[in-house]
Amino acid sequence: MTEKEIGIVSSYFSHISVAAIKLSGKLKIGEKIHIKGTTTDFETKVKEMQIEHKSVKEAKKGDHIGIKVPDKVRPNDKVFLVG
């Protein structure tokens with residue numbers, strides 16, 4: 001399995017388990033991502049994604065997205081597309 005870096009976590013909202021991610025690549029609903037940092041390391045499938053509180057099916061380089069995550073993430077954690 002290959003992994004390609006597609007973004008970086010900018011912030012985490014613990015009360016709603018949402019990671020804000022600044023994208024450096026494309027991401028679509030249904031794709032699997034791997035979030036890795038100093039103490040973070042898990043994979044999750046993207047079930048929903050938002051840009052400025054609006055649901056979107058895909059996002060591109062430069063977009064700032066919010067996605068639900070199953071575990072705590074931290075700023076500067078790297079986001080990889082698993083494929």
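In this predicted model, the chain of 83 residues has a radius of gyration of 11 Å, which agrees with the value near 12 Å that a compact globule would have. Along its principal axes, the C-alpha trace spans about 30 × 30 × 20 Å. Of the 83 residues, 37% count as buried.

The secondary structure consists of ten strands and zero helices. Read along the sequence, the pattern is therefore β-β-β-β-β-β-β-β-β-β. Among contacts between residues at least 6 apart in sequence, 62% join residues at least 24 apart.

A search of the whole structure finds four salt bridges. One of them is formed by the side chains of Glu-5 and Lys-78, with a distance of 3.9 Å from N to O. This pair links distant parts of the chain, since Glu-5 belongs to strand S1 (residues 3–13) and Lys-78 to strand S10 (residues 78–82), 73 residues apart. Glu-5 has a relative accessible area of 37%, so it is classed as partly exposed. Lys-78, with a relative accessible area of 36%, is also partly exposed.

Another salt bridge joins the side chains of Lys-36 and Asp-41, at 3.4 Å from N to O. Lys-36 is partly exposed, because its relative accessible area of 38% lies between the limits of 20% and 50%. Lys-60 forms a salt bridge with Asp-63, and the closest N and O atoms of this pair are 3.5 Å apart. Asp-63 has a relative accessible area of 15%; a residue counts as buried when this value is under 20%, and Asp-63 is therefore buried.

The largest pocket has a volume of about 300 Å³. Of the 14 residues that line the pocket, the closest to its centre are Val-18, Gln-50, His-53, Gly-66 and Ile-67. Three strands each supply at least two residues of the lining: S2 (18–23), S6 (50–51) and S9 (64–68). Strand S9 gives the most, with five residues. Sorted by class, the lining of the largest pocket holds seven nonpolar, four polar and three charged residues.

Terms used
Residues numbered from 1 in each chain as written. Predicted model: local features only at pLDDT ≥ 70, side-chain atom pairs only at ≥ 80, totals over all residues. Heavy atoms only, no water. 1 Å grid on protein atoms, 1.4 Å probe; cavity = no way out; pocket = protein on both sides within 12 Å on 5 of 7 lines; lining within 4 Å. Points joined across faces, edges and corners; volume = space filled by probe spheres on them. Helix = DSSP H or I, 4+ residues; strand = E, 2+ residues; numbered from the N terminus. Nonpolar A, V, L, I, M, F, W, Y, C, P; charged D, E, K, R; others polar. Buried < 20%, exposed > 50% of the residue type's maximum accessible area, 1.4 Å probe, protein only. Rg over C-alpha atoms; globule rule 2.2 N^0.38 Å. Contact = heavy atoms within 4.5 Å.
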